[in-house]
Amino acid sequence: MSLIAITEVKKSFGDNQVLKGINIDVMPGEVIAIIGKSGSGKSTLLRCINGLEMIDSGSIMVAGAQLLPDEVHLRALRLKVGMIFQQFNLFPHLTVGGNVILAQTVVKKTPKAEAEAMARKMLDRVGLGHKFDAYPEELSGGQQQRVAIARALAMQPMALLCDEITSALDPELVNEVLAVVKELAAEGMTLLMVTHEMRFARDVCSRVVFMHQGLVHEIGPPGEVFSNPQTPELKQFLGMI
Amino acid sequence: MTEFSLWDILRNLLLATRWTIVLSLVSFVGGSMVGLVLLFLRIGKGRAGQIFAKGYIELFQGTPLLMQLFLAFFGLGLLGIDVPAWLAAGLALIFWTAAFLAEIWRGCVESIARGQWEASASLGMGYLQQMRYVVLPQAFKIAIPPTVGFSVQVVKGTALTSIIGFVELSKAGTVMTNATFQPFLVYGLVALIYFALCWPLSKSSQLLERKLNVAHRNH
């Protein structure tokens, strides 16, 4: 059974229809890269899965639970799917440890000591255990993004949504973040990532989704999609890069 | 005719300054409390609360403080309610301060980046939790300098209450002028006392702003 089932999802902003009927099924443990030109709807799709944007029609199911617009359902869903953002969005008034602890204690009501142990474990996992007491502003972009990953992981989600998580980073910092993601993929985490890192998509992902004008234009294993694009749009997109 | 020494004048003015300070404190503390309620109505999700708070703020910001004082003092008098000057002055200043503080604070809350809301939402936090643990702690820091800065306006605003007969620093100045026929000297002293009250406030607002900015220059 698929972990995330996206069926005929449509979404408009005013007169502009951004998603025109998206269908994707994500199996547990799959790593899916969503590629496409800007404006093709890829970020909007991710944001819809997390309920940051409300869909107009269609359905999104995560582990059998339907995405509904009321607060109770939304929060239940968000506990199953973590999200990492392009701009990291760490809480600047809290330490690195505080960032990872907060939602555990507030949302899950995990006792403080347990939450702290979990935070240390997750920070170790992204190689930043020694930064526990630092503030986000003292970290490099790459380190901040790794903290954001640890923060999401500490909630023990079933899947992670990554929205262009390396796009705001200096080139030399991209790899440390991708290395963490690669490790997660190897450990069997389900990942859905919007990315411009084509090499990474080719090496790590199980399937690649090419979105064009609000539709899934091509979908398949990276070998096929990259080596043998079927449509002129994908050929053009890959040629552009 | 009685002769007034400089000390006589100054002593009387300083005695009246106590009331300026008390009125300023009452206005600021009371205004903060009412302002906090307005803030939550304004940024909260209830439609009626939003409209009420918005209307309130626009009304108090869009009319002169002097008119508000007159209305509180004479208006309630017309209804047969006898309002002493100190009460009318206190209430009008509290409501006036609240309107401005609510608006200053709203700006601070809204200046928190959307990403903070989204990140906390994606971690499963509800609206109140987001407010309590993510947004307000950050907004609070941003709000300190403009809030302290606005307190200067409150101190100066208390001068208007002299017109409805509340005896504070300005009123005492008028009284002393009438007694001594030395308006320049008396009002000069009055101005100096106001300056002595306000300057430390605006200076500390500047210092706070610099200090809080330095701590957060990287985002």
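Helices (H or I, at least four residues) and strands (E, at least two) are DSSP runs, numbered from the N terminus. Helix α5 of chain B covers residues 114-122 and helix α6 of chain B residues 127-157; they pack at an angle of about 130 degrees, with their axes 10 Å apart. Axes are lines fitted to C-alpha atoms, for helices over the stretch in contact, and angles run from 0 to 180 degrees between N-to-C directions. The angle makes α5(B) oblique to α6(B), since angles under 35 degrees count as roughly parallel, over 145 as roughly antiparallel, 65 to 115 as roughly perpendicular and the rest as oblique. From α5(B), the residues B:Gln116, B:Trp117, B:Ser120 and B:Ala121 make the contact with B:Gln130, B:Val134 and B:Val135 of α6(B); two residues are in contact if their C-beta atoms, placed from the backbone, lie within 7 Å.

A right-handed crossing is also found where α3(B) passes α4(B). Helix α3 (residues 65-78) of chain B packs against α4(B) at about 135 degrees, the axes being 9 Å apart. That makes α3(B) oblique to α4(B). On the α3(B) side, B:Leu65, B:Gln68, B:Leu69, B:Ala72 and B:Phe73 take part, and they meet residues of α4(B) including B:Ala85, B:Ala88 and B:Trp96.

## Chain B as a whole

Chain B has eight helices and zero strands. Its C-alpha atoms fill a box of roughly 80 × 50 × 20 Å along the principal axes. Of its 219 residues, 35% are buried; a residue is buried if 20 or more other C-beta atoms lie within 10 Å of its own, exposed if 12 or fewer, and partly exposed in between, with C-beta atoms placed from the backbone. Among contacts in chain B with a separation of 6 or more, 75% link residues 24 or more positions apart.

## Nonpolar cores

A nonpolar core is a set of buried Ala, Val, Leu, Ile, Met, Phe, Trp, Tyr and Cys residues joined through C-beta atoms within 7 Å. The largest has 120 residues, of which A:Ile34, A:Ala150 and A:Leu191 touch the most other members. Helix α4 (residues 85-110) of chain B gives the largest share of this core, 14 residues. Another core, of ten residues, lies apart from it and includes B:Leu13, B:Met176, B:Val190 and B:Tyr194.

## The sheet in chain A

In chain A, four strands form an open sheet in the order β2-β1-β4-β5, with antiparallel pairing; two strands pair if DSSP finds at least two bridges between them. The edge strands, β2 (16-26) and β5 (65-66) of chain A, each pair on one side only. Five bridges join the antiparallel strands β1 (residues 4-13) and β4 (residues 57-62) of chain A. A:Ile6 stands opposite A:Ile60 in β4(A).

## Positive phi in two loops

Most residues other than glycine have a negative phi. A:Ala63, although not a glycine, has a positive phi of about 50 degrees. A:Ala63 lies in the loop between β4 and β5 of chain A and counts as partly exposed because it has 16 C-beta neighbours inside 10 Å.

A:Gln156 also has a positive phi, near 50 degrees. A:Gln156 lies in the loop between α5 (141-153) and β7 (159-163) of chain A and is partly exposed, with 13 other C-beta atoms within 10 Å.

## Conventions

Residues are numbered from 1 along each chain as its sequence is written, while chains are lettered from A and ligands numbered from 1 in the order in which they are written. In this predicted model, local features need pLDDT of at least 70 and side-chain atom pairs count only at pLDDT 80 or more, whereas totals for chains, interfaces and linings use all residues.

How values were computed. Left-handed = near helix turned anticlockwise from the far one by under 90°.
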